[in-house]
Amino acid sequence: MEFLPPEDVPKGPEAENYLYTRVRLAWYYRPGDVSDRSVTDSRLLLAAIFSEVCDINQLRGKCHVVHRDKISDLSGWKKRPDRFYFNRLFDPYVKKEFEIIPATDVRNLPDNIRETLISRYEYVVAEKEVIPDLTDTIRLCNTCQEWCANPDTVQCDRCKRYFHMRCVQPPLAAKPSRGYGWTCAPCSRRHEEEVDSHDVRHATPVTVTKKTNAPAVRGRGRPRKDKSQAEREENMVVKHFKMWPFRYFGQHTVAEDTLDPDDLIFPRTATRHGPKFQANVAPAPELDINPSEPDERGGDNTIENLGIINTLTDAEITEVEAYKASLTDDPKLRSSVDWLTEVIRRFSEAALAAKPLTSVNMKSPLRLEKWKKYETLYTDREWTEDEADAFDTAIRIHGAELRAVQEQIPSRKMPELVRYFGLWKSVKVGEENRRLAKGGPRQKVKHRQFESPEQALEGQRVGFSDDEGSTIEQPSKPPTCAACRTRESTTWWKAPKGLSSDIMCDSCGTGWRKYADLVVRPLRDEAITSGKSRFDKREGTPLVGPSAKRARTSTSAASTPPPVVGNVPQIRCLACKKNGPIGKVLKCKNCQLRVHAGSCGEIADPAQLEQWTCELCRNQETLEASVIPDCLLCPRATAEERKNSPYPPSNSFLRACKPTEGQGWVHVLCAVFTNELTFTDASKLRLVEGLSTITRHRWVTVKSSRRDTTIMTTFKGEHGCMSAIVLCKDHDHSKREIYDICETNEGGETALQVYCHAYKQALVGQAHALLRKARRLDQILNVRGDVNTLPPAEPPVPEPECYRCHSEHSPSFYPMCHFDIEQANGLNGLHHLGQAHA
């Protein structure tokens, strides 16, 4: 934008004799830096009304940035180096993108405003929805024939004429609501006459243009490209006003303010005023009690005297100074502002109360202020060494942002922090002044000047070389480009972090530094063998390229080449502790939970894998279920466990929870391993039903559970009953087929999904959710329902109890044999063996 001399040189014409040391640069953003959308065009930029003054040695080169409408051949423009273009503007404060159009396209303005706008600026910045109104022909009020500004203009829906809201009769207080139209008085009257006369309104004839499939007429031969057009586009003169080629002229701009040369050109947003943002508070009810007259402002009852030293005589002031020196011997305390203020205040109170000055002492650190009901300290408590160190560290990190500093020192309130910050700055300034006084006055830096006007016209060469600090002169090992895997290049550049190596070739390095265009070629995972195979290709050889050797044509069986495995990022599942590719293993973007999609019933969109969130994080936004994520089947967490964030912890599979029909939460493992629970949708493991059907004796801690069922299912070729069990890893598992939760079959379904489909699917086809819940409650309460809809109620089963130890809690109970019953003198009971049945 402009070159600037040193900051401390004289202003005016004398500054032109000094060499430039600073430069003001206009900012342009890449679309990928300010938004999440991916843009394949590396030459597309976003303009900004934002500039920064930098050191002139930071310049690396020159580039050309032109508006899209000024480029006739875009493909040819992008083939040339250091050429960019823009068509939108991004405001870093509003965080919004705006459209940019040429100022000459704006026609819906009065002549004086339009001429001023065109004479100053080349482009206009506005919202997308305002562009059609700006580029339309000038709109005049049908009543007063003056220009109609968009905020106070209405359009008739029938005659399409424009009117000022103040020019219609009666005047309109506001525009019609969204979805409603407005008609002027003549059109409304004409419409009423047509309705009353019952005249049939004929449709307006529409002229249909005959279509043809003939190709468009074109000239003979191939159009010739104008090679000089690109140079003319680069050197095209663009109008600037105060160094900016565009200004904001959107829906929040007053057109008349454009005539003011000092009007702000930055984008604006709506003010947050009005009933939409402020509460309409009803006036307080009037009381019959007449309030007392308020005290006169400035009287004794409305002010607090902090000192009356100015009213004392010289002798009294001398006496006060003498008594003040006798209150303490600490020189640091005598220079404290808080202590001196409190001393003068107490002396003033003693003088106003006609008490002797000897009655004043500073033994009590408390004082009673006039507007408070309790005593407070007149000075802050001493800062400890740990608090002072934490303050210094926070100041170095956050600077003068005291709110961020206060978060690092929670033991101090903001008023104490502000007072200590002022004292800290005074101490630092004092140390700097003493250091400067000890070393003498600082010598003024002498800036270089041009020796002659001819030298000033020639200019100056500044900045480092374009490749200085970014190239590698001599690589320490045989180089390989981190992007294209080539081993040959005339110049090697430093590569960004995250690649396989730290160097890039000349082509990839130049594309990355200038255009942020980097295409990384995936690595090939080759089998690890004892020696180098005769068919191995060197690194950098294309995977599908032709082989350098002739293929063997013998009659022996040809060996099958190993499958090519791409370099796909792997994620470790927290349930099975195995790695899997993205999509098969999901990762929550908020809490970082990593789990197989099939083990938690998730069906993620392949295009939205990076934006996937777990059930608990999703509920924080939708609030469909309870905000308390405790599992209803597990013991309650302690207060210490709840302090951890997030809770449940994201480094465990217990973070995978599902909502219940009562808007509660249960772990996926708890829902699967509890026999009474079912899912409304077993494919997604939602919603968990049957929580109220669990018997009372099951709400105790047990080691395992058993489910006896005749439902058969098939998994990996095995057909039979499937049970969810928890087994010790040291036990013998050879007697049964055991599958892991995340183990999949030929169709890609996990063992957890197959089990839930067969055993945990609620009977949604027989009754709706509310009726199913009512039936479960009837079974609990032993209420007999409709004979046609409910099965006959079974007699209540007494709670099991061990005959020997009378315990009611055990993983399994076994009935006693007939011989034991006879020996028990006819007493019926159950025999508890004290061992869980596997």
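Me: Is Arg 485 buried or exposed?
Reply: This is a predicted model, and Arg 485 lies in the loop between strand E13 (471-472) and strand E14 (492-494). Its relative accessibility is 6%. Buried means under 20%. Therefore Arg 485 counts as buried.

Me: What is phi of Arg 485?
Reply: Arg 485 is a residue other than glycine. Even so, its phi is positive. The value is near 70°.

Me: Where is Lys 242, and how does its accessibility class come out: buried, partly exposed or exposed?
Reply: Lys 242 sits in the loop between helix H6 (228-234) and strand E10 (246-248). Lys 242 is not a glycine, yet its phi is positive, about 55°. Its relative accessibility is 49%. Exposed needs over 50% and buried under 20%, so Lys 242 counts as partly exposed.

Me: Which residue does a cis peptide bond join to Gln 169?
Reply: Omega of this bond is about -5°.

Me: Where is Leu 687?
Reply: The peptide bond from Arg 686 to Leu 687 is cis. Its omega is near -25°. Leu 687 belongs to residues 686-689, which form strand E23.

Me: What percentage of the residues in the chain is buried?
Reply: The chain has 838 residues. Its secondary structure comes to 20 helices and 27 strands. The buried residues make up 29%.

Methods. Residues are numbered from 1 along each chain as its sequence is written. This is a predicted model: local features need pLDDT of at least 70, side-chain atom pairs count only at pLDDT 80 or more; totals for chains, interfaces and linings use all residues. Side-chain values use heavy atoms; hydrogens and water are left out. Helices (H or I, at least four residues) and strands (E, at least two) are DSSP runs, numbered from the N terminus. Buried means under 20% relative accessible area, exposed over 50%, partly exposed in between (1.4 Å probe, protein chains only).
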